[in-house]
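The sequence and structure are shown first.

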Amino acid sequence: ARIAPEANQAAVEELEKEFKKENFFDLEAIGQFNLGFILAKLQNDLFIIDQHAADEKFNFEKLQKETILENQLLVIPKVLELTASQEALLSENTDLFKLNGFHFLYDENGDSGRRFKLKSVPVSKNWTFGSEGWKISLSRRRSACFFRCSRVAL
């Protein structure tokens, strides 16, 4: 079979369509399927919306927008036991960790794998984020460009 670009133009245009948040206001609800999906229409397009995923995304975005992280200094900075690759990764991303409320001290003369100390952890309202949350974030940092800390109730 031959591929004829001029015959594929309609498919290309469909694939280039972009759905934006603003489009939600124009959706026409048709019904619900399987107690968890909303069927909706926008012009000639049909959308199946996962209610649980939409709710999670809404709550996540609201939390990100409204949450203010502060720092809780540790009485005694915690010496971190790191592999060489973890130490390098933490060194490259200290600014990103700082944005998420984790502050570290660095001792360039310290032993390999023990050069970093955890100085402070993030807090927000009545929640403090576990002092081990940076480890999860560090392991995720290998493949992701954004992370958030796990939280622990006070």
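## Salt bridges

Glu14, Lys17 and Asp45 are joined in a network of salt bridges. The model is a predicted one. Glutamate 14 is partly exposed, because its relative accessible area is 45%. Lysine 17 also falls in the partly exposed class, because its relative accessibility is 46%.

The count of salt bridges comes to 6. Side chains of opposite charge can pair when their charged atoms come close.

| Salt bridge | N to O distance |
|---|---|
| Arginine 114 and glutamate 81 | 2.0 Å |
| Arginine 115 and glutamate 87 | 2.8 Å |

The side chains of arginine 114 and glutamate 81 meet at 2.0 Å, N to O. This pair links distant parts of the chain: arginine 114 is in the loop between β5 and β6, while glutamate 81 is in the loop between β4 and α3 (84–92), 33 residues apart. How exposed are the two partners? Arginine 114 is partly exposed, because its relative accessible area is 38%. Glutamate 81 counts as exposed, because its relative accessibility is 53%.

Arginine 115 forms a salt bridge with glutamate 87, with 2.8 Å between the closest N and O atoms. Arginine 115 lies in the loop between β5 and β6 and glutamate 87 in helix α3, so the pair ties together parts that are 28 residues apart in sequence. Is glutamate 87 buried or exposed? Glutamate 87 is buried, because its relative accessible area is 7%, a value under the 20% limit for that class. Arginine 115, at 22% relative accessibility, counts as partly exposed.

Strand β6 covers residues 116–124. This strand is mostly covered, with 7 of its 9 residues buried.

Which strands pair with β6? Strand β4 (residues 70–79) pairs with β6 in the antiparallel sense over 6 bridges. In β6, proline 122 is the residue opposite asparagine 71. Strand β5 (residues 103–106) is another antiparallel partner of β6, over 4 bridges. Here tyrosine 106 has phenylalanine 116 of β6 as its bridge partner.

Strand β7 (residues 127–129) and β6 are antiparallel as well, with 2 bridges. Valine 123 stands opposite threonine 128 in β7. The strands β6 and β7 form a hairpin, with 2 residues between them. In the turn of this hairpin, lysine 125 has a positive phi of about 55 degrees.

## Nonpolar core

The largest nonpolar core has 10 residues: Leu80, Leu82, Leu90, Phe97, Phe102, Phe104, Phe116, Leu118, Val121 and Trp134. Strand β6 gives the largest share of this core, 3 residues.

What does phenylalanine 104 touch? Leaving aside residues up to four places away in sequence, phenylalanine 104 is in contact with Leu80, Leu90, Phe97, Phe116, Lys117, Leu118, Lys119 and Trp134. Phenylalanine 104 is itself listed in the core, as are Leu80, Leu90, Phe97, Phe116, Leu118 and Trp134.

## Exposed loop and surface patch

The loop between β1 (28–33) and β2 (37–42) contains asparagine 34. Asparagine 34 has a positive phi of about 55 degrees although it is not a glycine. Asparagine 34 counts as exposed, because its relative accessibility is 60%, over the 50% limit for exposed residues.

Leucine 35 is also placed in the loop between β1 and β2. The phi of leucine 35 is near 55 degrees, again positive in a residue other than glycine. Leucine 35 is exposed, because its relative accessible area is 79%.

Leucine 46 counts as exposed, because its relative accessibility is 58%.

Terms used
Residues numbered from 1 in each chain as written. Predicted model: local features only at pLDDT ≥ 70, side-chain atom pairs only at ≥ 80, totals over all residues. Heavy atoms only, no water. Core = buried A, V, L, I, M, F, W, Y, C linked by side-chain atoms within 4.5 Å. Buried < 20%, exposed > 50% of the residue type's maximum accessible area, 1.4 Å probe, protein only. Contact = heavy atoms within 4.5 Å. Pairing = 2+ DSSP bridges. Salt bridge = Lys/Arg side-chain N within 4 Å of Asp/Glu carboxyl O.
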